[in-house]
Number of protein chains: 2
Amino acid sequence: MPLVTFLPSNAQVEISSEENILRAAIKAGLHINASCAGTGVCNKCLVYLEEGEVKGQKLPDGGWKACDTFPETDVRIRIPVQSQMDKRSLTRALPKKATRWIQSHSGISNIRPKPVVEKFAIKLPPPTLSDPASDLERLQREIKQGKLQDITLEVDAQTLYRLPVALRDSNWNITVSLMEGIRHDIRRLIRIEDGAKKDEHFGVAIDIGTTTVSAQLLNLHTGEILSGASDYNPQISYGEDVISRVEFARKGDGLSMLKDKIVNCLDGLIDEITSKVSCKKESISILSVAANTVMCHLLLGLNPYYLRAAPYTPVAVEFPPVRAKELGLNLPEHTRIFLAPCVASYVGGDIVAGVVGIEMHKMPELTLFIDIGTNGEIVLGNQDWMACAACSAGPAFEGGGIQHGMRATTGAIEVIHIHPETLEPMSLTIGNKKAKGICGSGIISLLAGLFMTGALDQRGKYRRDTGSARIRSGREGWEYVVVDADATAIEQDIIFTEADVENLIRAKGAMFAGYLTLLESVGMSVNELEKVVLAGNFGSYLDLEQAITIGLLPDIAREKFFFAGNSSLIGARAGLLSWEVNRKFIEVGGMMTHFDLANSPSFMEHYISSMFLPHTDMSLFPSVKLG
Amino acid sequence: MPLVTFLPSNAQVEISSEENILRAAIKAGLHINASCAGTGVCNKCLVYLEEGEVKGQKLPDGGWKACDTFPETDVRIRIPVQSQMDKRSLTRALPKKATRWIQSHSGISNIRPKPVVEKFAIKLPPPTLSDPASDLERLQREIKQGKLQDITLEVDAQTLYRLPVALRDSNWNITVSLMEGIRHDIRRLIRIEDGAKKDEHFGVAIDIGTTTVSAQLLNLHTGEILSGASDYNPQISYGEDVISRVEFARKGDGLSMLKDKIVNCLDGLIDEITSKVSCKKESISILSVAANTVMCHLLLGLNPYYLRAAPYTPVAVEFPPVRAKELGLNLPEHTRIFLAPCVASYVGGDIVAGVVGIEMHKMPELTLFIDIGTNGEIVLGNQDWMACAACSAGPAFEGGGIQHGMRATTGAIEVIHIHPETLEPMSLTIGNKKAKGICGSGIISLLAGLFMTGALDQRGKYRRDTGSARIRSGREGWEYVVVDADATAIEQDIIFTEADVENLIRAKGAMFAGYLTLLESVGMSVNELEKVVLAGNFGSYLDLEQAITIGLLPDIAREKFFFAGNSSLIGARAGLLSWEVNRKFIEVGGMMTHFDLANSPSFMEHYISSMFLPHTDMSLFPSVKLG
């Protein structure tokens, strides 16, 4: 029987040569989009053959339809991101929460635009015999009039080519774009346009996540957000998490492949947000990017290999502005990319931008900033000091390492309620489709529900004596049946095993041990926290009570919690609109003391104590009453 | 009969279709190299067909052999520069002169190298868990140790790609190249090399003249000149002087053609000077270029059109440093080109570099700097002030507008002595070949000789009563026969007409009127001059007494005269070796007050008075005794 190996997960399954690849994926527990039930009409189940022989339908781009492709030998099949996930679910509305959103508390939204690239409309006196100064001298003279008289002006050689023609075609009436230099009193002339074009000035704020990429188009003249779009990071096809991408980058032309993927993704998003509002790409001056350290390296094409292992050294944590065109983006010569600086290999520019985005650097209160994703980064501090760490929580909250875990896409169970007596579940899926698996928020509500009903004990083991048929001893130990096979889209029971529970306890334990370690390092305790800010997409869908119940969040007054949404995009937007915020990134990044938890004995101690639901030390969780 | 039009001169001649193109050129009075007397073996008489039909030998590069190509219709034929001139004559030794050379008086030759790009060998401590700073931070930390601690460091994004590999391959032992930024306390990291490479550091000093291009390779570590080479500026094929090149640049892709020509020429010279001493081009950090304003524009690909007519506006007179590669040069990414700044459309970076090269900006004495070429630029002043002007002398001293004038190449008469009684000439040619024409130094010695023997009067007219057969009434008025047809290489009498004399008087008159106008503008006279520096190739071959005799140079004490040779190359070299000199170019360029002589009534008055040999006011020329 042919052995099918799926990439990037390396999941393997044997099938007969009468079975198609879609069937193989279902057997392997992998998801491939196929809304036509394998009848060959929806064209969504695209896969790529990397090794071996198949027969079936080859598509013009070299891909194959999984539902109509049969292995003839052992094969290696790559599932591209568009076949795994459904982009529509990226746009689901944020839940309404009683708890407050941080934006209303932050002044960032009121920034008067003063971006890194400013435009000035200039009218010049034409040359005469008594004033025959060169075009450039004449322009420099006018630029230095008024408020810019103390600056030093650098000139992009490219702008010189346009200068004589622009001046004369426009009747000495032009608009110049000046970019802030390495110091604020240095400006660089990066663009010259005919006529008064001061208000045709746009920028793009970008958050490059390991999973999701979001972009917003802003009017840099008014500060208005004009449009937005999101997509899955297409690098997913080459590795689900940062480590596997670093490994992929190391091999052959892996680095340039990953770079091209993200560049194409950004090109697509920029096409989308500009065409939505008929903005010319020519008018985009700046891209402001917030991304984790690995994503920054991959975007710039920098070898991320040495940040993978001790001593975890990135090539750089501050990046010079780069021409978008130099990276291969389909944007004009003058467009520059600014990346928010990183702190360390696993605390990146997304965190720095997020912290600045919510204005934590202006908060007098002791604040804990939590971004729960694959990794889980935390920042503790206030306007005077900050400490940060990556918790290595693992991808459990994104569905990784959970048997039926999946990303928050169509068909994912996002909420589960467990009946306290019958232990029967009531669940809702994203898009109200038949369930394919459970996403992060569903997993937490399931874990919290099973724990609160007493179906799970503090060690994360199922009670053997509930009498419920839903709790059973399965192939891999005790498990809870969330959805019966016939009610699912995957033709098998969706279950939640003790191994899943253990993974989740490890993940939440790593987060909680992180909080305690940072607090301890400054001699403080959980109760002294004055503010907790939950950042990131996952945080937005989190149920506060459930998260506290399982020990993922500290059990403190609920009004201390704030939701930030995509704080890293908020930060990217703030950096786009303001050169001061852009400089603040560097300052704040520089003030963050980084703790390497992996090598901290104190962290290990706290981690072990956190391996209970909610914690071994129940005094830390006064409001969690065990049933 | 087919009409042959030769480009770039537009000279026309009708020939029968049995006559070849070489014959047509001889008839038209044009020179094409052909050392085999038209036998078809030397392959030097390459021409290009631009319009019309010919039959003959087409060469692989699309050119034709003039000696074996016959017009079938009216044709337009372009003579490339290599077919017009013989590169060997560029290397003729400078004449030995009693008069002093300025170099011995200038300190430039003793510069301790401190170039715009400096190399530092750096040994870094490898990262550890307790010091896991990024590669770039680690490098910045080391760079800022010691004497560079107050600098701001900019980083070329390109250097980041190399950084992680270079550090580890070299065992944390690298060499960095830092370029001075827009301010001296800003440095830009432009290159990273494995190991200690401080002494592999080279630069090229380049003088781009309208006619000749010279380059020298320097060791930037020791300051030593390693090799040199010269070539004709291949743009000559598209226009002999700057104005005709500006016109050519205006049409179609003329600008990019002219740019490509000079870029190819520089590539060729750099190949030559590096291979002579086995220097790797990879190790070239800087090109330091001195060139007139039009040549600067054409090298950078800037449209020079608006400097052609009033108010004579160049695109720029100061140019930002440019990557050599960006201009299309076959040099590595890190190599930068620095151009000496210009003053105005017709006083260029060659003059600024020349003035700094001879250290006129340090001279306390009232000094007149004279560069006699096509245009004739002059600078008057001292360490405290400078005034400059272009004299529009025309190309007479380069042989232009003189019937048998030619450039100083093989076969050109370079010295002529006239017997005071018989008026018989005695002449010498460059390379001791049969004469083809007369070059600048020959023309001046001829004019001075004819004047001193009384064959020419003060108005530049031949005495009709000498009785010498050499003075005769020719087709275009009275003329002197310099060489009889049978003794020439061009099969016709080489003559010197009254029209030629008039052109020369205009040219020398323009120069002299320039001196007087600048002197007058500061209330001074010729006698107050303390130093006169003769720059440029032409100046090097000038006979001082003859030049004074005809009124080209002021009649002052001979010990006040100095010869500078190629001062613009000397300046380019100084700028290459020293960032301070490089900055001095801008300062000196900025301190030069430019006089537009064409619109000066005072100049016109002096010009008219200078239309005699040597001058209407003989009191200005006390040592010239009329016979």
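This report describes the domains, chain contact, helix crossing and nonpolar cores of a predicted model.

## Domains of chain A

The domain assignment divides chain A into domain 1 (3-84), domain 2 (117-194), domain 3 (204-339), domain 4 (361-395 + 504-620) and domain 5 (396-500). Between the C-alpha centres of domain 3 of chain A and domain 5 of chain A there is a distance of 36 Å.

## Contact between the chains

Chain A and chain B meet in a contact that takes 39 residues from chain A and 39 residues from chain B. On the side of chain A that touches chain B, at least two residues come from each of α3 (135-143), β9 (152-155) and α4 (157-169) of chain A. The most is given by α4(A), with six residues. By class, this side of chain A has 26 nonpolar, seven polar and six charged residues.

## A helix crossing in chain A

Helix α8 (residues 349-357) and helix α13 (residues 567-577) of chain A have axes that come within 7 Å and cross at roughly 75°. The two helices are therefore roughly perpendicular.

Residues of α8(A) in this contact include A:D350, A:A353 and A:V356, while those of α13(A) include A:S567, A:I570 and A:A572. The contact of α8(A) with α13(A) has five nonpolar, six polar and one charged residues.

## Nonpolar cores

The largest nonpolar core has 344 residues, and those with the most contacts inside it are A:V289, A:I378, B:V289 and B:I378. Beyond its neighbours within four places in sequence, B:V289 is in contact with residues including B:I206, B:L299, B:F338 and B:A572. Another core, of 19 residues, lies apart from the largest one; B:L22, B:A24, B:I26 and B:C45 are among its residues.

Notes
Residues are numbered from 1 along each chain as its sequence is written. Chains are lettered from A and ligands numbered from 1 in the order in which they are written. This is a predicted model: local features need pLDDT of at least 70, side-chain atom pairs count only at pLDDT 80 or more; totals for chains, interfaces and linings use all residues. A nonpolar core is a set of buried Ala, Val, Leu, Ile, Met, Phe, Trp, Tyr and Cys residues joined through C-beta atoms within 7 Å. A residue is buried if 20 or more other C-beta atoms lie within 10 Å of its own, exposed if 12 or fewer, and partly exposed in between; C-beta atoms are placed from the backbone. Two residues are in contact if their C-beta atoms, placed from the backbone, lie within 7 Å. Domain bounds come from an automatic or database domain assignment. Helices (H or I, at least four residues) and strands (E, at least two) are DSSP runs, numbered from the N terminus. Ala, Val, Leu, Ile, Met, Phe, Trp, Tyr, Cys and Pro count as nonpolar, Asp, Glu, Lys and Arg as charged, and the others, Gly among them, as polar. Axes are lines fitted to C-alpha atoms, for helices over the stretch in contact, and angles run from 0 to 180 degrees between N-to-C directions. Angles under 35 degrees count as roughly parallel, over 145 as roughly antiparallel, 65 to 115 as roughly perpendicular and the rest as oblique.
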